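These are my notebook entries on a two-chain model. I record what I looked up, entry by entry.

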Amino acid sequence: MTELSPFVILIAAIFTNNILLANFLGMCSFLAVSKKIETAAGLGAAVIFVTTATTAINYGIYHHVLTPLGLTYLTFIVFIAVIAAFVQFVEMFVERFSLGLYHALGIFLPLITVNCAILGASLFMIIRNYTFWQSVAFGFGGGVGWTLAIVLIAGLRQRMRYSDVPVPFRGVAIAMVITGVMAMAFMGFAGMVRIQ
Amino acid sequence: MALLLPILVFGGLLVGLTIALSLAERVLINYGVCKLDVNNGDREFEVDGGQTLLSALNESKVFIPSACGGRGSCGHCTVTVLSGGGPVLPTETPFLTRVEVRQGVRLACQVKIREDIRIKVPEEILNVKMFAATVSANHRLTHDLVETHMRLDEPTEIEARPGQYVQLQAPAPEGPVYRAYSISSPASVKDEVELVVRLVPGGIASTYIHGLEEGDQVIFTGPYGDFRMNEEPDVDIVCIGGGSGMAPLKNLVHTVTARWPERKCWLFFGCRTTQDIFYLDEFRELEKKNPNFHVVYALSDPLEGEEKWEGETGFIHLSVDKHLDVSDRKRQAFLCGPPPMVEAVMKVLEGKGFKPEDIYYDEF
């Protein structure tokens, strides 16, 4: 896969292989925090930053620590620990240097620790044997794709408040249905680029 | 060796991350010493930044009422932040009205001190102290009520008005919780605090209090409450309560009859059955000694079998209706009981010529 340029991977991660709509990762916060566009965008921004940074860190740890020592079976647990610690660090950093952003993201930052899209991005980079820059592009693109999906569904859900949804479908049920429709719509990008 | 390596690598990684985070915390979450100004220069404190306003105030011996112990779930620890509190957080908005948000009202447990901060608290709060006390008696009044006496150790005296309450600390698995209880001992008793506590099934603090024994150490803060009794002796006092609403009324009755024996004072108290009656003999005794005090108990449930009862029956608002006259005398009424009782009694009192501003109530 080394022949793909990071830019192609970036585009693919956003559209054709959208981590949420193609892989259905990060569903929990996607459904929980998609009622308002502003908060969805805030969470999305945090996810973009954290996926990009953690794929880079995890790339280093995987290729320079775990592989040489033959400990690749520790990948999952190590990645989870790194992500959790990194989110903590980001939270402290943002609180100190950008109080405005901290208050905007405040309660969403800890939520990211358990967002599987972030772990997913790190694991795909291993499975697909990306180089460092490909990994960073994939992490960034994955975050942007996830943000795009959550902002789109938040917009839809905001409007849906005024539509006449059948009672048994209200809430998460209809959100799942429209996520499915959105996923099908994103299949239209499939011919553009292809990564595994 | 094959086992040791992964343990070392993973352990080392965790230790490394922990060290990095602790260092980051030390460097990043260090706001130095901040100034905390209470009521425009009335009190000034130097506190460590990075902690919550509630814990900074507690450290500075300003005791803000807080039932949940700073978890943001009770909404009692409101203070007005004049400057330096940052924006209102999503964790606070459920507890604040729009008007309060505009006035700068915040939950002290959610405000983090990052810079010099100026706040305003009711004058009353500054008189609140933390008391260490020893249980001197804990006796049962009915099947679910106890009367708890606590002798003050440090400080040795409390200055409270009738109707005020204390917050008793009760141990809980996730750290101590505080629960509010009205003081039932009269204001003239300064070296002791008496409470009347009903056992709430599954309640943390009431279970703890019901289990207290003579000699046990307790901690509470107080007195809280901005409620004031009219101190003019020509104003009649009417106390009406039911269920576990006895504590503040007992305090009022004893305070009034001791201080102004010539002042007219009524006590109406509603119980369900004869098993729920308590303090009646004590009040009858007082009634004999003091012709200006009247006590009326009413039972709402029908009598069973052999039981005898010569007092009133039916809900307590019916007795109030029967015993009080329509008049324009100056009277003050204190209601303490379940919401439907308070509502029914309010209607009766207004019909008797009470002004709404002279009726004070506490629903629970």
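What share of the contacts in chain A with a separation of 6 or more is accounted for by residues 24 or more positions apart? I find 81%, where a contact means heavy atoms within 4.5 Å.

**Entry 1. Conventions.** I note that the model is predicted, that local features need pLDDT of at least 70 and side-chain atom pairs pLDDT 80 or more, while totals for chains, interfaces and linings use all residues. Residues are numbered from 1 along each chain as its sequence is written, chains are lettered from A and ligands numbered from 1 in the order in which they are written, and side-chain values use heavy atoms, with hydrogens and water left out.

**Entry 2. Chain A overall.** I looked up the secondary structure of chain A and found nine helices and zero strands. Helices are DSSP runs of H or I with at least four residues, strands are runs of E with at least two, and both are numbered from the N terminus. The order of elements from the N terminus is α-α-α-α-α-α-α-α-α.

Along the principal axes, the C-alpha atoms of chain A fill a box of roughly 60 × 45 × 25 Å.

Of the 196 residues in chain A, 52% are buried. The classes are buried at under 20% relative accessible area, exposed at over 50% and partly exposed in between, with a 1.4 Å probe and protein chains only. The accessible surface of chain A is about 9100 Å², and 72% of that belongs to carbon and sulfur atoms. Areas come from the Shrake-Rupley method with a 1.4 Å probe; for residues, only the protein chains shown count as cover.

For charges, I count 9 positive and 5 negative side chains in chain A, with the centres of the two sets 7 Å apart. Lys and Arg count as positive, Asp and Glu as negative, and His and the chain ends are not counted. Each charge is placed at NZ of Lys, CZ of Arg, CG of Asp or CD of Glu.

Entry 3. I looked up Ser29(A), which sits in helix H2 (residues 27–32) of chain A. Ser29(A) counts as buried because its relative accessibility is 5%. Leaving aside residues up to four places away in sequence, Ser29(A) touches Leu43(A), Asn115(A), Trp146(A) and Ile150(A).

Asn129(A) is in the loop between helix H7 (116–127) and helix H8 (132–160) of chain A. Its phi is near 55°, a positive value in a residue other than glycine. Asn129(A) is exposed, at 54% relative accessibility.

**Entry 4. Chain B overall.** Chain B has eight helices and 17 strands. Its C-alpha trace spans about 85 × 50 × 40 Å along the principal axes. Of the 364 residues in chain B, 48% are buried. Among contacts in chain B between residues at least 6 apart in sequence, 68% join residues at least 24 apart. Chain B exposes about 18300 Å², of which carbon and sulfur atoms supply 54%. The mean positions of its 36 positive and 52 negative charges are 4 Å apart.

**Entry 5. Strand S7 of chain B.** Is strand S7 (residues 145–154) of chain B largely enclosed or largely open? I find seven of its 10 residues buried, so S7(B) is largely enclosed by the rest of the structure.

Two strands pair if DSSP finds at least two bridges between them. S7(B) runs antiparallel to strand S6 (residues 129–142) of chain B, with nine bridges, and a hairpin through two residues joins S6(B) to S7(B). Ala137(B) has His149(B) as its bridge partner in S7(B). Seven bridges join S7(B) to strand S10 (residues 192–198) of chain B, also antiparallel; here the partner of Arg151(B) is Glu192(B) in S10(B).

**Entry 6. Backbone details of chain B.** The peptide bond between Glu154(B) and Pro155(B) is cis, with omega about -15°. Pro155(B) lies in the loop between S7 and strand S8 (165–170) of chain B. A further cis bond runs from Gly222(B) to Pro223(B), with omega near -10°, and Pro223(B) is in strand S11 (residues 217–224) of chain B.

Tyr279(B), not a glycine, has a positive phi near 65°. I place Tyr279(B) in the loop between strand S13 (265–271) and helix H6 (280–289) of chain B. Tyr279(B) is buried, with a relative accessible area of 9%.
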